[in-house]
Amino acid sequence: MSDLVVVRKEGLYCAAGDFYIDPWRPVARAVLTHAHADHARPGHGRYLAARAGATLVRTRLGDVGLDTLEYGERITHHGVTLSLHPAGHVLGSAQVRLEHRGEVWVVSGDYKLAPDASCAPFEPLRCDTFVTESTFGLPIYRWDPPAQVFDGVEHWWRDNADAGQASVLYCYALGKAQRVLLGVDASIGPIVCHGAVQTLNDAYRAAGVALPPTITVDQVGDPVDLRRALVLAPPSAAGSPWLKRFGEFHDAFASGWMRLRGTRRRRGVDRGFVLSDHADWPALLEAIGATGAGRIVVTHGETGPLIRWLREQGLDAAAFQTEYGDEDETAPPAAETGGA
Ligand SMILES: [Zn+2]
Ligand SMILES: [Zn+2]
């Protein structure tokens, strides 16, 4: 029997259903796992995504031809039964479950198992073949409980505010920023967001996520308020003139890559908070084990070590060459030195 999903030059392709999943080149029919730019690209004919992520897809891609499914809702196309299930990665993120002639494949996109108030929790699915990411697929990647990380952010913010200085926290605009907003005590001071973050905050709010109030820098009434502010900005804002309004400030970076001392040093920030929207090594193994799949296909990240480990367990494991990982946290640490 031929594989239900293969790699073509356009992206992951379901031949029986004649559609693509997160394709990187323009195609007629694209199923999206989530709205990060390396997975949700412009130029496709029709899009299908989880309803919870529709506002994010439109914010990123504009008024595209978008069909949506509720999580768990099933449709059958050319004999392939397709459904979308929560991936716990960002709002509206989905695993794509495909069933054809009794065989089940699940394509995970990006996922995490750790709690995240800004999106539905990861749903383990049984399948024959599991297509997994491996962004942090090395045993060195182990996350602290998110509540502990948010405690650290709060202490840092409060200490800076008491010293009369703003706290600039660099974090990716889609997903990470909103998770931070829901994780910290918003009463410590005003929360000022860079425009790129605020646009996505608005999309989250439009989708029904109750984020605390946030303002942009032009909405700050008394400049003194800035000295107590938590400032959320995308990594690309580092070193930009936009930061001048904050005078002297403390800065920090929230990312899974902060687990690596070298990355912290290259970023040149005061603090690193280890907070990721991807599964760490134990969570990858847990998620893969829960599928019961005998065959695992690894798409992006640290694919080699994960494949080796899985083969040692007697599983059939291999890689798909994909073009994921260009955006957000999936950027490898070496690429972070360019000042972006
Ligand atoms: Zn992603
Ligand atoms: Zn990815």
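**View 1. Phe253 of strand E15 and its bridge partner in strand E16.** In this predicted model, the bridge partner of Phe253 in E16 is Gly272. Strand E16 comprises residues 271-273 and runs parallel to E15, to which 3 bridges join it. E15 is also joined to E12, again in parallel, by 5 bridges; Ser167 has His250 of E15 as its bridge partner. Two strands are taken to pair if DSSP finds at least two bridges between them. Helices (H or I, at least four residues) and strands (E, at least two) are DSSP runs, numbered from the N terminus. Residue numbers start from 1 along each chain as its sequence is written, chains are lettered from A and ligands numbered from 1 in the order in which they are written. Local features need pLDDT of at least 70 and side-chain atom pairs count only at pLDDT 80 or more, whereas totals for chains, interfaces and linings use all residues; side-chain values use heavy atoms, with hydrogens and water left out.

View 2. Buried denotes under 20% relative accessible area, exposed over 50%, and partly exposed in between (1.4 Å probe, protein chains only). The buried residues of H3 are Lys176, Ala177, Gln178, Arg179, Val180 and Leu181. They pack against helices H2 (146-162) and H4 (195-206), and against strands E12 (166-170), E13 (191-193), E14 (230-233) and E15 (249-254). Contact means heavy atoms within 4.5 Å.

**View 3. Ala229 in the loop between H4 and E14.** Ala229 has a relative accessible area of 0% and is buried. Residues up to four places away in sequence aside, Ala229 touches Trp157, Ala166, Ser167, Pro190 and Val192. Its C-alpha atom is separated by 7.9 Å from that of Gln165, which is 64 residues apart along the chain.

**View 4. The open sheet of strands E1 to E6.** The sheet has 6 strands in the order E1-E2-E3-E4-E5-E6, with mixed pairing. Strands E1 (5-8) and E6 (66-69) stand at the edges with a single partner strand each, so one side of each lacks a neighbour in the sheet. From one strand to the next, the twist averages 30°. Strands E3 (residues 19-21) and E4 (residues 29-31) pair in the parallel sense over 2 bridges, and Val31 in E4 is the bridge partner of Ile21. Helix H1 (residues 54-61) lies across E5 (46-50) and E6, running at about 160° to E6. Axes are lines fitted to C-alpha atoms, for helices over the stretch in contact, and angles run from 0 to 180 degrees between N-to-C directions.

View 5. Most residues other than glycine have a negative phi. Asp18, in the loop between E2 (11-14) and E3, has a phi near 55° and is partly exposed at 33% relative accessibility. Arg101 has a positive phi of about 50°. Arg101 lies in the loop between E9 (94-100) and E10 (103-107), and is exposed at 72% relative accessibility.
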